[in-house]
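Dear colleague,

Please find below the structure I promised to pass on to you. My notes on what was found in it follow directly after.

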Amino acid sequence: MTALLGNHAGFILAAYGLAVLVVAGLAVWIVVDGRARRRELADLEARGIRRRSTRKPGEGAA
Amino acid sequence: MRLMDYANPTRFLGLVATVLPWVAGITAILFAVGFWLVFAVAPADYQQGETVKIMYLHVPCAWLSMFCYMTMAMSAFGTLVWRHPLADVSAKCAAPIGAAFTFLSLATGSLWGKPMWGTWWVWDARLTSVLVLFIMYLGLIALTETIEDPARAAKASAILTLVGVVNIPIIKFSVDWWNTLHQPSSVFRMGGSTIDASMLVPLLVMATAFTFLFLLLHLMSMRNEILRRRIRTLRILEAAGADA
């Protein structure tokens, strides 16, 4: 691979490696955050704390 | 259903659930084709040799750094003028993604500059104005995180975002207005592109792939932010119930 990319292979590989690291880090952060928020919301709803629009008839505020 | 109906967060979440798998699939296909074109088809440059491969990464990141800021500016306008419920969510979620792509634009530019120009960095108009853009992204993230009330944070960051728009034409035209080491515009310019089709096609495919990647990450992040705000509302309801 290094031979195919010529004299400056290190610069090319560093650029693509850094891009993969940053984009993967961003994607993982967003996915982990999404899972944590869904878990938190499900936990609140399981304890009967719901928004008015999702409450069943006769249910209290909290 | 009218477009404005999607201003309702619940409807928007439904739309995201439908659209997201398609956007993810298209992004994956575009990157697969893009990497194949870059590493198996695109020729080496007659002057730069294989180092030109950094262009297929650097240019889409630079394009996205500005595209993302314009998305934030339009969202900021929506926040201030129409008080659109999702406009602030959109602006807040675009900032970290824009910061990441601006950082990549600067870093890949340095990695390209060292072998081609003989230096990692020069304080010329293009590089400095992109560095200012990166600092503005960090400032907007800090501002949003510092103010606890989402409505106040939205208004403050929307004003700052709109003030910062002045930097976008400076970035775009800096290579025409001032002397710089950076090459002038070669893709979007009056008189057409100066890049040969054998390099232009892979570049446009990579730019489209990165744009879809931004769309994918932005939609996912907006979904998270809507859930975060629902949780905040429920916590307030819970606290009010405990006090009663």
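**Findings**

Of the 62 residues in chain A, 15% are buried. The secondary structure of chain A consists of one helix and zero strands.

Please bear in mind that this is a predicted model. The predictor assigns the complex an ipTM of 0.87 and a pTM of 0.89. For chain B, the mean pLDDT is 89, and 93% of the residues of chain B reach 70 or more. Where pLDDT is low, the predicted coordinates should not be read in detail.

Turning to the interface, 25 residues of chain A are in contact with 30 residues of chain B. On the chain B side, the elements that contribute two or more residues are helix H3 (87–117) and helix H7 (197–243). The largest share of that side, 15 residues, is supplied by H7(B).

Helix H4 (residues 125–146) and helix H5 (residues 150–164) of chain B pack with their axes 9 Å apart, at an angle of about 165°. Because an angle over 145 degrees counts as roughly antiparallel, H4(B) and H5(B) are therefore roughly antiparallel to each other. The crossing of H4(B) past H5(B) is right-handed.

From H4(B), the residues B:Met136, B:Leu140, B:Leu143 and B:Thr144 meet B:Ala153, B:Ala156, B:Ser157, B:Leu160, B:Thr161 and B:Gly164 of H5(B). The residues of this contact divide into six nonpolar and four polar, with no charged.

With kind regards

Notes:
Residues are numbered from 1 along each chain as its sequence is written. Chains are lettered from A and ligands numbered from 1 in the order in which they are written. This is a predicted model: local features need pLDDT of at least 70, side-chain atom pairs count only at pLDDT 80 or more; totals for chains, interfaces and linings use all residues. pLDDT is the predictor's confidence in each residue, from 0 to 100. Helices (H or I, at least four residues) and strands (E, at least two) are DSSP runs, numbered from the N terminus. A residue is buried if 20 or more other C-beta atoms lie within 10 Å of its own, exposed if 12 or fewer, and partly exposed in between; C-beta atoms are placed from the backbone. Two residues are in contact if their C-beta atoms, placed from the backbone, lie within 7 Å. Axes are lines fitted to C-alpha atoms, for helices over the stretch in contact, and angles run from 0 to 180 degrees between N-to-C directions. Angles under 35 degrees count as roughly parallel, over 145 as roughly antiparallel, 65 to 115 as roughly perpendicular and the rest as oblique. A crossing is left-handed if the near helix is turned anticlockwise from the far one by less than a right angle, and right-handed if clockwise. Ala, Val, Leu, Ile, Met, Phe, Trp, Tyr, Cys and Pro count as nonpolar, Asp, Glu, Lys and Arg as charged, and the others, Gly among them, as polar.
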